[in-house]
Amino acid sequence: MDTQYSQSVCLKGHQISSFITTSSENPKEFCEDCGSEVITHCPSCNKSINGYLQLDGVFGGYDVPVPSYCRNCSSPYPWTSTALESLKELINLQDELNDEEKDDFSSSLPDLISNGPKSKVAITKFNKYSSKISSGFRNFAVEIISSIASDVIVKSLTP
Ligand SMILES: [Zn+2]
Ligand SMILES: [Zn+2]
């Protein structure tokens, strides 16, 4: 029988464990890195967050990424919402962009972190707009994005 473990993640998106059993209790716990509360279930629908999948007869571990969205109700997890909000705030502070560009840039952010056909468009927008802004912005933004997006996307953002 394959065993699906759950994972525990702090509200800022630090993975605590990807090996917890779904039956285990959910004691209140805090992140050692940032002090945020640790959750094991989606705050919107209360489904457990998928962790390590132990396939029958297969040994050896692999890294389990922290998911951005709940597979059950499609709500962004708290760390995803926080990252998106921070990026929007960062964009709003850039005087080099006019309001229309800021809106366009901000509205492409959800596509930037989800692997799909529209993420290509969002990557192009990111590279276009961030080329107009100081490199400080790009460094901060890429740091935030790399905490929630896949490596493939982060690598597509021009350094
Ligand atoms: Zn943390
Ligand atoms: Zn959910």
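Predicted model: local features only at pLDDT ≥ 70, side-chain atom pairs only at ≥ 80, totals over all residues.
Local features require pLDDT of at least 70 and side-chain atom pairs pLDDT 80 or more, while totals for chains, interfaces and linings use all residues. Residues are numbered from 1 along each chain as its sequence is written, and chains are lettered from A and ligands numbered from 1 in the order in which they are written.

Helices are DSSP runs of H or I with at least four residues, numbered from the N terminus. Helix α4 covers residues 117–130. Its end C-alpha atoms lie 21 Å apart. The buried residues of α4 (20 or more other C-beta atoms within 10 Å, with C-beta atoms placed from the backbone) are S119, A122, I123, F126, Y129 and S130. They fall within an arc of 140° seen down the axis, so they line one face of the helix; the arc is taken from the directions from the helix axis to the C-beta atoms. P117 and T124, on the other side, are exposed (12 or fewer such neighbours). The cover over the buried residues includes α2, α3, α5 and α6.

The axes of α1 (residues 78–92) and α2 come within 10 Å and cross at roughly 165°. Axes are lines fitted to C-alpha atoms over the stretch in contact, with angles from 0 to 180 degrees between N-to-C directions. The two helices are therefore roughly antiparallel (over 145 degrees). K88, I91 and N92 in α1 meet K102, F105 and S106 in α2, contact being C-beta atoms within 7 Å.

S150 sits in the loop between α5 and α6.

Notes
Expected span 1.5 Å × (residues − 1). Contact = placed C-beta atoms within 7 Å. Parallel < 35°, antiparallel > 145°, perpendicular 65-115°, else oblique.
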